[in-house]
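Subject: Structure for your files

Hello,

Here is the structure I said I would send. Please open it alongside this message.

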Amino acid sequence: MATAIERADKLLTAAIPKKKKKWQSYALLFILPSFLIYTLFVIVPTVGSIYLSFTSWDGISEDVRYIGFANFVEILHSPRVHNALKNTMVMTISLVLLENIAAIVLAMLVDKVRWFRKLFRSIFYFPTLLSGIVMGFVWAMILNYNFGVFNQILDSIGLGSWVVDWLGNPEYAMLSIILSTVWKGAGYYMIIYLAGLQGIPAELNEAASIDGANGFQQFRHITFPLLAGSMTVCLVLSMISALKIFDQIAVMTDGGPGFETETLTYIIYKVGFGELRQGFGTALAMVLFLIIMFITVIQVKFLRKREVQM
C-alpha cells in the first residue's frame with residue numbers, strides 16, 4: 001500500500017513541472033504580440049530619440065548630422081528653456097496641491113451625502129471625461145475678454161472693474177490655466193480618495209467622537225493618516241500629469257502672452273515642429289524624461305516611507 005502511494009506521489013511530482021512548462025509556453029505566446037507592439041512603438045522610438053538628441057536634424061530632410069552634446073549645452077544656457085522650466089515647476093506645484101486638496105474635499109462631501117450620492121459623484125467626475133483639447137476650447141470661450149461668460153457675469157453683478165483679459169494678461173494667464181485644469185482633474189483623484197475613505201472603518205471615527213474629538217481632529221488623526229496609500233497614488237499621478245501638461249496651453253494661450261505660459265512640454269513641440277529643430281526638441285524631451293523620472297522616484301520613496309510610519 002505504501003509503495004503504491006509513493007509511486008503515485010512520484011508520478012504527480014514528475015508531471016507538475018511538465019505541466020507548468022507547458023502553461024509557461026502558452027503564456028509566452030499570449031504575451032508575444034503585445035511585447036512586439038510595445039517594442040515597435042515604444043522601445044525602438046525611444047532608442048532612436050536618444051540618438052536624435054545628439055544631432056541637428058530638422059525633422060524633414062535626410063541630413064542627420066551628429067553634433068555631440070551641443071543641444072544639451074544650449075539647453076543649459078538657454079533663457080527660454082530656463083523660463084519654461086520655471087513655468088513648469090510653478091504649474092506642477094500648484095496643480096499637485098490644488099487638485100489633491102479639491103479632490104479630498106469633494107471625496108469627503110460625496111462620502112457624507114445620504115441622497116443622490118451617485119449623481120454627485122457623476123457630476124464631479126464628468127469633467128475628466130473631456131479631452132484636454134475640448135476642455136481648453138470650453139474655457140477659452142468662457143474666459144474670452146470680449147464675449148466670455150465669466151466677464152459678462154462679473155459685469156452683470158456690478159463687478160465690472162474685475163473684468164480683465166484672463167488669457168491675454170500675463171498676470172492671470174497661468175492662473176486661468178491652473179484653475180481650469182484643476183476643474184478637469186480633481187474629479188479623477190476624487191474617485192481614488194473616495195475609495196480610500198470607504199475603506200476606513202466607521203468604528204474608528206465613532207470611537208473618536210465618543211471620546212470628544214471634533215471633525216477636524218478626526219480628520220487629522222484618523223482620516224488623513226489612513227488615506228496615505230490613496231495619497232501616494234494621487235500625488236504621483238497628478239505630478240506626472242502636471243509636468244506633461246500640453247493640451248490646455250496649446251488651445252488657451254499658445255504659450256503666451258509672450259512666453260508666460262510656455263512649459264517644457266510645449267517648448268518641445270514649438271521647437272521641434274514649429275522651428276524645425278527636431279534634434280534640439282528631442283534633447284529637451286530627454287531632459288524632461290530625466291526630470292520626471294528623478295522627481296517620481298524621490299516622491300514615491302518619500303510617500304512610501306510616510307505610509308510605513310503611519
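Predicted model: local features only at pLDDT ≥ 70, side-chain atom pairs only at ≥ 80, totals over all residues.

Residues are numbered from 1 along each chain as its sequence is written, and side-chain values use heavy atoms, with hydrogens and water left out.

Salt bridges

The search of the whole structure gave 4 salt bridges (a side-chain nitrogen of Lys or Arg within 4 Å of a carboxyl oxygen of Asp or Glu). One of them joins Glu 262 to Arg 80, at 2.8 Å from N to O. Glu 262 is in the loop between helix 11 and helix 12, Arg 80 is in helix 3, and the two are 182 residues apart. Helices here are DSSP runs (H or I, at least four residues), numbered from the N terminus.

Glu 262 is buried at 2% relative accessible area, and Arg 80 is partly exposed at 22% (buried is under 20%, exposed over 50%, partly exposed in between, with a 1.4 Å probe and protein chains only). Leaving out residues up to four places away in sequence, Glu 262 touches several residues, including Asn 83, Asn 87 and Lys 270 (contact means heavy atoms within 4.5 Å).

Arg 80 also forms a salt bridge with Glu 275, with the closest N and O atoms 2.7 Å apart. Glu 275 sits in the loop between helix 12 and helix 13 (278-309), 195 residues from Arg 80. Glu 275 is partly exposed, at 38%.

Asp 254 and Lys 270 form a salt bridge as well, at 3.8 Å between the closest N and O atoms. Asp 254 is in the loop between helix 11 and helix 12 and Lys 270 is in helix 12, so this pair ties together parts 16 residues apart in sequence. Through shared partners, Arg 80, Glu 262 and Glu 275 belong to one network.

Helix packing

Helix 2 (residues 70-77) packs against helix 3 (residues 79-112) at about 65°, with the axes 5 Å apart. The axes are lines fitted to C-alpha atoms over the stretch in contact, and angles run from 0 to 180 degrees between N-to-C directions. Helix 2 is therefore roughly perpendicular to helix 3 (65 to 115 degrees). Ile 75, Leu 76 and His 77 of helix 2 meet Pro 79, Val 81 and His 82 of helix 3.

Regards

Definitions and conventions:
Parallel < 35°, antiparallel > 145°, perpendicular 65-115°, else oblique.
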